[in-house]
Number of protein chains: 2
Amino acid sequence: MVKNDASFMRLALNQAAKGRYQTWKNPMVGSVIVKHGQVLATGYHHHYGDQHAERNAISKLTPEQLFNSTLYVTLEPCNHYGKQPPCSELIIKSHIKRVVIAQVDPHKLVTGKGITNLKQHGIEVEVGVLAEEARKLNEHYSYFYENDQPWITLKQAISLDHKVTAIKGTRTQITNQEVYQRVHSERADYQAIVIGSSTAIIDNPSLLTSHQSNFPPIRIILDRRGRLLDHLDLKLLTDNLAPTWIFTQNQELAFHPFNNSVHCFLNKGNILVNLLTELKKQEIQSIYVEGGPKIENAFLNQFQVNELITYLSPDLIGQDGLDGLSPQFRQQFTNKNFEILADNIRIDERN
Amino acid sequence: MVKNDASFMRLALNQAAKGRYQTWKNPMVGSVIVKHGQVLATGYHHHYGDQHAERNAISKLTPEQLFNSTLYVTLEPCNHYGKQPPCSELIIKSHIKRVVIAQVDPHKLVTGKGITNLKQHGIEVEVGVLAEEARKLNEHYSYFYENDQPWITLKQAISLDHKVTAIKGTRTQITNQEVYQRVHSERADYQAIVIGSSTAIIDNPSLLTSHQSNFPPIRIILDRRGRLLDHLDLKLLTDNLAPTWIFTQNQELAFHPFNNSVHCFLNKGNILVNLLTELKKQEIQSIYVEGGPKIENAFLNQFQVNELITYLSPDLIGQDGLDGLSPQFRQQFTNKNFEILADNIRIDERN
């Protein structure tokens, strides 16, 4: 590692983060071009479908400036034609002398190939500078391509006596305004939100986020029996504000003529297994499961859950309430993190 | 208020705190004697039965030093013969010119009388300097004499899925070592610890504290039906390390020949009402109810609980576990405080 590599890479990471909530299925990537110890240009991937971070920086400079320069990039440059021509080719053509990469791209179409191509053209390549930070920036993306399955986060809001609502079949605001805002922000970190039909019907939520994006999380309803047919005026089925996917075994629901934002999947067998298969197929990298408790218990009992986020209010709701998630067997997460949100607390646990 | 009154009173409060865990039914009290802006002596109430804070400071000085001095004392000087002669008389005889008091003594034998006596003898008296801090120092004492009932704290240790043990009828260590140490320390802040017979039998606890004291908390077992008769080898019934009180409706248990540390109360009717009546009669100012959940629910449903302390582990224990406290109806506390203890959290709620 050359002196200052880490600080130029940190600058590239800061650039990358500017694309948050906009790059959708693409990772956030940032780049910095340096010559004689001077930053000549910075760039990042702005939106899904737009030019990549390397091209964004390179396009700001003349061939003379690029000649013999060093490129810092937070993720391995791509080597294939996707929505954009391959960055490795552009780097080679630009006569960049040295490329410093934080993270090897875990995406199977890229991994290692970009690096190999650069090296084969005589470019000096260094890999792994601030790799951990870079991986963290695109944690769900990395996990998905490393493990070929989406990152699953369960989220619940409970009272101290472990209730999610004061009376079964009704909605109770258990947690405070800070939690409300946090959840609305946090949803934008996921590519899909999953709820059961009871939650859809009782709460009638919009499941939107507080962050502007052309790619809001897909709102997924699990409705095995087709209960939504009696509730066709729900916001999720009519508001057109984000895609809504329904997984059901009910033929009538599956073929109901919804508006264009609503898409139904007709399933046989275990609906959660079908959901995960479809998510993999469509490369949906992460889901935020918002309940209710039955759905969350099913996830905990059937799958490897990556993260559990609990918003806890220290109020006592009383014995008529509905209990929060409660798995069949003991489960422990490796990493636990607490955050106090006024008079509530956020407990984040992950493996 | 004269300049520096608050800082001399803070010194007196620091003195008072030296008596922690030793003054038992007496409040912690500290005193400082000042002349010409100079601290001449400090004092505090060292142990239950020992001389009071005022006498402790006064006894360190000559009549010349005391003449025309100012006495700072965290609690109103007593005016009656108890285990010690009245401090008000001693102050008058010492020709102290001015007395600054933080808190008026809520004890009905004292309240206001000490102040009146001093004033009648021409002593300048100021009351209320750092009164809030002084009251907080002896919170349970103050509450008891202000309300004629003991301060009731419920304490529970639960998992994220609201279990106190993994399998009913057995003991599971839910919380971590930091919690264990904290509870052992915290017990010493109370004059009695209350558990049910199930907890006594299943856990076989000692209910001791980590603080040396001649007056460890009384260990109270509620055993309506006399189940302890089948478990006479429990630590609480045999270890002789602190007093044990048993409240029961079972005649045989009530008259069982235990050792001298064990005292039985034969009850008719509601055992919790009997318990509280006895505590009032014996001026036990505070209780720390350690469970199990049935006893804690009974407290929550029948009485005004002053404080609820929950130690929460973010682990999930599984559905065979026994649920933590769960009152019949909604209950909210006014003040909520969180404290992170490694990978567990302490939630303190009070009215």
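The model is predicted: local features need pLDDT of at least 70, side-chain atom pairs count only at pLDDT 80 or more, and totals for chains, interfaces and linings use all residues. Residues are numbered from 1 along each chain as its sequence is written, chains are lettered from A and ligands numbered from 1 in the order in which they are written, and side-chain values use heavy atoms, leaving out hydrogens and water.

**Interface**

Contact (heavy atoms within 4.5 Å) joins 37 residues of chain A to 36 residues of chain B. The two chains bury about 3,000 Å² between them, 59% of it on carbon and sulfur atoms; this is the accessible area (1.4 Å probe) that two parts lose on being put together, summed over both. In chain A, the residues that lose the most area to chain B are A:Leu160, A:Leu316 and A:Phe338, together 22% of what that side buries.

Four salt bridges are counted between chain A and chain B, each a side-chain nitrogen of Lys or Arg within 4 Å of a carboxyl oxygen of Asp or Glu. A polar contact is a pair of N or O atoms within 3.5 Å; within protein, one must be able to donate a hydrogen and the other to accept it, and residues adjacent in sequence count only if both atoms are side-chain atoms.

| Side-chain pair | Type and distance |
|---|---|
| A:Lys336 and B:Asp343 | salt bridge, 3.6 Å (N to O) |
| B:Gln103 and B:Ser142 | polar contact, 2.9 Å |

**B:Gln103**

Beyond its neighbours within four places in sequence, B:Gln103 is in contact with residues including B:Thr74, B:Glu76 and B:Arg135.
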